[in-house]
Amino acid sequence: MTNPVENKIDLTALFKIGYGLYVVTSNDGKKDNGLIVNTVMQVTNTPNRIAVTVNKDNYSHDVIKSTGTMNVNCLTTEAPFKVFEAFGFVSGRNVNKFENCEPLRSDNGLVYLPRYINSYISLAVEQYVDLGTHGMFICSVTEAKVISNTESMTYAYYHANVKPKPQTETNKGYVCKICGYVYEGSSLPEDFVCPLCKHPASDFEKIK
Ligand code: FE
């Protein structure tokens, strides 16, 4: 028998929530760092406050928690997949994500991306909310600049147009819904982690 409470929660309803995609930049005192998040939101306007939620597994979480400052870079629809690979699929713990780039800096000294963004917003952390797996930073705005009027990248646009399309005619197995990585095999191990983007088995779907 199915659980009647479980029946009331269709998790795909949550996919209908709209999101943007952002590169959040920070600096640990030695090097610049950046990560991709979809969890940026203006939560109040008098004064303006922005909430940014970051997974505790990300190096940036610890850096932002100790420095209390970050830049939110608003990605545009022109951002190619390589931007997501560079900032989303490797960790700033081991890699300098700005090694081959001459980044621009805002007044707070942090970098903002020279391309593929339509604005950046410099933030100062005012409150930290511990959400278990994630930390939510509630911030005031210290600087904000519009770079272009190109449309913002949404999560839906990324899934429809940016993420590589798997070769589903020739491949059998499971495809990562986040980055398009294909796992070839008849059953996906429950504890499988995507080697590209590190998302769990629950973010894979069977190729039909
Ligand atoms: Fe993936």
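Colleague: What makes Lys65 a charge over the face of Tyr128?

Modeller: In this predicted model, Lys65 lies 4.6 Å from the ring centre of Tyr128. The cut-off for a charge over a ring is within 6 Å of the centre and within 35 degrees of the ring normal, and Lys65 is placed over the face of Tyr128.

Colleague: How many aromatic pairs does the model hold?

Modeller: The count comes to 9 aromatic pairs.

Colleague: Why is the pair of Tyr19 and Tyr155 called edge-to-face?

Modeller: The ring centres of Tyr19 and Tyr155 are 6.3 Å apart and their planes stand at 85°. Centres within 6.5 Å make a pair, and planes over 60 degrees apart count as edge-to-face, so the pair of Tyr19 and Tyr155 is edge-to-face.

Colleague: Which parts of the chain does this pair link?

Modeller: Tyr19 is in the loop between helix H1 (4-7) and strand S1 (22-27), whereas Tyr155 is in helix H4 (residues 155-162); the two are 136 residues apart. Ring pairs also join Tyr19 and Tyr155 with Phe84 and Tyr158 in a cluster.

Colleague: Why does Tyr19 count as partly exposed?

Modeller: Tyr19 has 32% relative accessibility.

Colleague: Why is the pair of Phe87 and Phe98 called tilted?

Modeller: Their planes are at 50°, with centres 5.5 Å apart. Stacked requires under 30 degrees and edge-to-face over 60, so the pair of Phe87 and Phe98 is tilted. Phe87 is in helix H3 (residues 81-88) and Phe98 in the loop between H3 and strand S6 (104-105). Both Phe87 and Phe98 are buried.

Methods. Residues numbered from 1 in each chain as written. Predicted model: local features only at pLDDT ≥ 70, side-chain atom pairs only at ≥ 80, totals over all residues. Heavy atoms only, no water. Phe/Tyr/Trp six-rings, centres within 6.5 Å; stacked < 30°, edge-to-face > 60°. Helix = DSSP H or I, 4+ residues; strand = E, 2+ residues; numbered from the N terminus. Buried < 20%, exposed > 50% of the residue type's maximum accessible area, 1.4 Å probe, protein only.
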